[in-house]
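Reader: I have a structure open and some questions about it. Can we go through a few spots?

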Amino acid sequence: MAMEWEPGTLAAQALGRVEPRTGALVPGIEPATTFERDPDGGYRSGHVYARADNPTFRHAEDLLTTLEGGADSLLFASGMAAATAVFQALDPGDHVVVPKVMYWALRGWLFDHGSRWGLAIEPVDTTDLDALAAALQPGRTRLVWLETPANPLWEISDIAAAAELAHRAGARLAVDSTVATPVLTRPLALGADLVMHSATKYLNGHSDVIAGTLTTVREDEWWDRLKSVRARQGGIAGSFEAWLLLRGMRTLFLRVRHCCQSAQLVAERMAQHPRVAQVLYPSLPDFPGHAAAARQMTGGFGGMLSIRMRGGEAAAIATAARVSLWKRATSLGGVESLIEHRASIEGPGSPVPLDLLRLSVGIEEPADLIADLETALAA
Ligand SMILES: Cc1ncc(COP(=O)(O)O)c(C=O)c1O
């Protein structure tokens, strides 16, 4: 399919590939774990063993590479498998800068397993470019990790400025862009070297696949190392998951655009509610990261927001208990809307305020979502 089509068009048709043998517009699922070797010992098919590669995940990877404007992508068994592969491709003693506010399980992994592996991990407020510049150690810092918007306060880090600082110090920049999706932000075009997604969220969009991805701006020795981490550790997704992911990605643009519009309506209504102390959503003009978000997010500010309750933790938990349409569940980016008292999921050491409810806005009618929240808040 001609690559000059818009990304949303390429996603809708999963790159427009037609199965050559049958003319099928939907790819088959390739379950094979092993592939025949040629009599001369070669592998003309390009496939050897499915821990390294498989045609079903290749199709999903190719679509994501196109959407992110990258050179290549790798599909992993989960977002955590993708993210931790990046840190495992570093050497003991390497200095890495990570955000203070980030996906809690990755923060936990870094300080537990990452430190034991010998990485020097420095948490920094990555929304503050002076703080980021001060933390970088030229020649020793190998990686700057950003998450933007960052879970669950939706803080915005400036990707272009961070890329410049990281590169000047000789470090690479990787961005967890799970919440922004390639519909709203293309980190590689802004200077990042690597983009990571929990494909479990918006890319799949139907809460029925756990998967993760990495996309690189260039194929180099570092990318070879990441491929080798995946192939040798075996943190690869299954063919059925890859196929479901590809099917989900066909509606990515529709879903994300709808979620952005609904999240905006929910945020505006919640901002006026007397029981809500604060709404955290990057589109709101008084949100601290609004200007940076407006620069690097195009077409919307995402489907994720948080509200802080005037009545504190008890009011937050009681409100979550009273909704009927919103589902009390962790995760995000699915078609169904989710509400979560985030601090009690993250546990001790979490920077999340106790009065905060995290909302993942799905594709239901926004009027229903607002009515359900208002009923829960009024009780
Ligand atoms: C921003 C972000 N990054 C990474 C992850 C980890 O992804 P997974 O659950 O697919 O391992 C999550 C999961 O919630 C997430 O929200």
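**Salt bridges, ligand and loops**

Author: This is a predicted model. Arg218 is partly exposed, with a relative accessible area of 39%.

Reader: Which residue does Arg218 form a salt bridge with?

Author: Asp220. The closest N and O atoms of Arg218 and Asp220 are 3.6 Å apart.

Reader: Why can side chains pair up like that?

Author: Because side chains of opposite charge can pair when their charged atoms come close.

Reader: How many salt bridges are there in the whole structure?

Author: A search finds 22. One of the pairs is Arg142 with Asp94, at 3.8 Å from N to O. Arg142 belongs to strand β4, residues 141-147, while Asp94 sits in the loop between α3 and β2, so the pair ties together parts that are 48 residues apart in sequence.

Reader: Is Asp94 buried or exposed?

Author: Asp94 counts as buried, because its relative accessibility is 11% and the cut-off is under 20%. Arg142 is partly exposed, at 36%.

Reader: What about Arg308, which side chain does it meet?

Author: The side chain of Asp355, in a salt bridge of 2.9 Å from N to O. Arg308 is in strand β9 (residues 304-309) and Asp355 is in the loop between α13 and β12, so this pair ties together parts that are 47 residues apart in sequence. Arg308 is partly exposed, with a relative accessible area of 25%, and Asp355 is buried at 14%.

Reader: Which residues do salt bridges with shared partners join into one network?

Author: The network consists of Arg17, Arg58, Glu61, Asp62, Asp72 and Arg230.

Reader: New topic, the ligand. How many residues surround it?

Author: 14 residues do, and the closest are Gly79, Met80, Asp176, Ser198 and Thr200.

Reader: Which atoms of Met80 and Ser198 lie 2.8 Å from an oxygen atom of the ligand?

Author: For Met80, a backbone N or O atom lies at 2.8 Å from a ligand oxygen. For Ser198, a polar side-chain atom lies 2.8 Å from an oxygen atom of the ligand. Asn151 also has a polar side-chain atom by a ligand oxygen, at 3.2 Å.

Reader: How much of the ligand's accessible area does the protein cover?

Author: The protein covers 91% of the 390 Å² that the ligand has on its own.

Reader: How far apart are Leu332 and Pro92?

Author: They are 240 residues apart in sequence and 33 Å apart in space, C-alpha to C-alpha.

Reader: And where is Ser78?

Author: Ser78 is in the loop between β1 (72-76) and α3 (79-88). Ser78 is buried, at 18% relative accessibility. Beyond neighbours within four places in sequence, Ser78 is in contact with Ile210, Ala211 and Gly212.

Reader: Last one, the surface. Which residues make the nonpolar patch of about 290 Å²?

Author: Val18, Leu25 and Val26 make that patch. Val18 lies in the loop between α1 (7-12) and α2 (55-68), and Val18 is partly exposed, with a relative accessible area of 46%.

Technical notes: Residues numbered from 1 in each chain as written. Predicted model: local features only at pLDDT ≥ 70, side-chain atom pairs only at ≥ 80, totals over all residues. Heavy atoms only, no water. Patch = residues over 30% accessible without salt bridge, like charges linked within 9 Å, V, L, I, M, F, W, Y side chains within 5 Å. Areas by Shrake-Rupley, 256 points an atom, 1.4 Å probe, with all protein chains shown as cover. Salt bridge = Lys/Arg side-chain N within 4 Å of Asp/Glu carboxyl O. Helix = DSSP H or I, 4+ residues; strand = E, 2+ residues; numbered from the N terminus. Buried < 20%, exposed > 50% of the residue type's maximum accessible area, 1.4 Å probe, protein only. Contact = heavy atoms within 4.5 Å. Near = heavy atom within 4 Å. Polar contact = N/O pair within 3.5 Å; in protein donor to acceptor, adjacent residues only side chain to side chain.
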